[in-house]
Amino acid sequence: MVIKIKKRDGREVDFDEAKITEAIFKAAKAVGGADKQMAMELTLDVLRYLKQKYNSGVVSVEDVQDAVEKMLIEKGHAKTAKAYIIYRNQRTKIREAKSDLMDAVGEILVETSRENANVSNSPSAKMLQIASAASKAYYLNRLIPENMAMAHKRGDLHIHDLDFYGKTLTCIQIPLGKLLKSGFNNGHGFIRSPKRPASATALAAIILQSSQNDMHGGQSFAFFDRDMAPFMKDADEEEVFQAMEALIYNLNSMHSRAGAQVPFSSLNLGTDTTPAGRMVTRNVLLAYEKGLGRGENPIFPNIIFRIKEGINLNPSDPNYDLFKLAIRVAARRLNPTFSFMDASFNKPYGDQVGYMGCRTRTMANRRGPEVTDGRGNLSFTTINLPRLAIKAERNLMKFYHKLDEVIDLTVEQLYHRYQVQSQLKVKDMPFLMGQGLYLESEKLEPNDVIEDVIKHGTLSVGFIGLAESLVALTGEHHGESDEAQVLGEEIVAFMRNKVDKAAERYDLNYTLLATPAEGLSGRFLRLDRKEYGLIPGVTDKEYYTNSFHVPVSYPISFFDKLRIEGVYHKYANAGHISYVEFASPPINNLSAVEDMIRYMGKCDIGYAGINFPIDFCDACGQMGIIDTDQCPSCGTSSIRRVRKIIE
């Protein structure tokens, strides 16, 4: 008789035939059976079979399970066998998920994942990451339909912020003016309307932090200059500067999410022409230019300077001086970036368009007002374009067929997530919904579900790697060939058309996103290289190129790059950005930067920025491009390197 069983971890333990009986009985009950005696008889059949086949006295768990399946089928219990096989598969999936989770936890305990740049390496951050890993495992194995979960695991698509799948929403443009005027309660008592600049910016920081605690994505003020202006009256320049400097200090040091993360904050400004509004914009820019205490480059907030003809674009415009100041600060500090209110797809909305530093844009609204305040992205999922192109083997019709299928799957997955999100209650997001930040949420009670208000949010289908897709399909990307550029626009237009049809079909705000996620660009490429090997121009580097960008490594003039990329902005109505790369901070060539920004507008670009390396020493504040591991001024190795990765 068999006396030992070999477990999956290699241990040998005493054989317990009662476990076989119990497993068979559970399977039988699953299909309506209730005969324990029959289960015991089948167990004896299993034991006889094992003794006959394995004479060593030791069998594996898999051997036993195979024997159970065989006996159930041979003895005429097909339904029970099917239930047993399903149960076995479920247990295997759970066991694999647990194993993957433990591996992830082990890595986190060594060092917190830096996929998100504003997550620290503190103990609370590690706890946050462990909870994140557990949540991802749960959602992929228990909640998300299997075909969608498998597409994510394979790398056909990527469900962003998977750990928050059923907990909250992505981001919001916060109605700052409304909150400052009426006051608010962040759960620890009512905070009244401010009277002076310093208290107004302090409350703005608290609002960003409180909202971040209810969400997983960006927090933004779409009209920071306009909303702050009423609280600047009777204040002088120095008082306003001190208030804005304190805001920048707060946003680079204040943490949310159990003390683990700096809020991902954005401020839109530049178009308020009142004296108070101009004072706000001017002093935010000056405070950002000054940097932190030792001159370090601030990471937050992302400042988006809104450019509009008649307001700040030309020398005769009232805010032209602020535009010039914004250029100077950007040439030193990377920020601000620039949004173009006169772009063909922004102009119809007047002054309503706002962006976030992550490039999110939320305007389309099928079921409510097309405004920015009080709205945001609910969730987004990105398609791996290069994989589709590789699998198409230069057959364009095959590529479009595969793209059509994966867009449909992505749309279905976003709708599944929307259905889960819509059943959350106001009390699950007490600040975001309870204090009326989300459009129309003030009409809801704490126990109400949020479905009636999140209809105003957007669901975004993203894409990565247009350049590599074109190489796989034609041998050249859109920076190398006019023909490839024509095909690239055709592909993105096809995606936008599919997304628009999904919006009509579901009567929800489906939009197309030019995905910015650098970490995902690396994940997709690693999976594809493992599957398809090294393909020149496609899988032979570290990252796929973000969205519709021309690859950074490709030698091309600034103007050609902008002209090529400008074509795509109008299609990506969920968000987009183009960058111009400088080898060093262009602080001594501001006229060239201004010419570049003006040309961006002529290319019908909606949102853009400049990029260059910045290094600084944490010990002494020395700033510039530092090529060595030691500071040339103080000799320490406390060098921090700031880069925007924009592959």
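## Salt bridges

A salt bridge here is a side-chain nitrogen of Lys or Arg within 4 Å of a carboxyl oxygen of Asp or Glu. With that in hand, let us look at this predicted model. By this rule it holds 29 salt bridges, and Arg154, Asp156, Arg387 and Asp528 are linked in a network of them.

Some individual pairs are worth a visit. Arg48 and Asp45 meet through their side chains at 2.5 Å, N to O. These two residues are three apart in helix H2 (residues 36-53), so about one helical turn separates them. Asp45 counts as buried because its relative accessibility is 14%. Another pair is Arg226 with Asp227, where the closest N and O atoms are 3.0 Å apart. Asp227 is buried, with a relative accessible area of 6%, whereas Arg226, at 37%, counts as partly exposed.

Lys570 and Glu489 form a salt bridge as well, at 3.9 Å from N to O. Lys570 sits in the loop between helix H19 (558-569) and strand S15 (578-581), and Glu489 in helix H17 (residues 482-506), so this pair ties together parts that are 81 residues apart in sequence. Both partners count as partly exposed, Lys570 at 35% relative accessibility and Glu489 at 25%.

Now to strand S9 (residues 265-269), where five of five residues are buried. Ser265, Leu267 and Leu269 point one way from the strand, while Ser266 and Asn268 point the other way.

S9 pairs with strand S8 (residues 219-221) in the parallel sense, over three bridges. It also runs parallel to strand S10 (residues 302-307), to which four bridges join it. From S9 the chain crosses through helix H11 (residues 275-290) to S10, a right-handed β-α-β crossover.

## Gln219 in strand S8

Gln219 belongs to S8 and counts as buried, at 0% relative accessibility. Its side chain makes a polar contact of 2.5 Å with the side chain of Ser211. Leaving aside neighbours within four places in sequence, the residues in contact with Gln219 include Ile172, Ile174, Leu208 and Phe264, along with Ser265 and Ser266.

## Helix H6

In helix H6 (residues 146-154), the buried residues are Met148, Ala149, Ala151 and His152. Seen down the helix axis, these fall within an arc of 160°, so they line one face of H6. Gly155 follows the helix, with a positive phi near 100°.

Key. Residues numbered from 1 in each chain as written. Predicted model: local features only at pLDDT ≥ 70, side-chain atom pairs only at ≥ 80, totals over all residues. Heavy atoms only, no water. Buried < 20%, exposed > 50% of the residue type's maximum accessible area, 1.4 Å probe, protein only. Pairing = 2+ DSSP bridges. Right-handed = clockwise from strand over helix to strand, strands pointing away. Arc of directions from axis to C-beta. Polar contact = N/O pair within 3.5 Å; in protein donor to acceptor, adjacent residues only side chain to side chain. Contact = heavy atoms within 4.5 Å.
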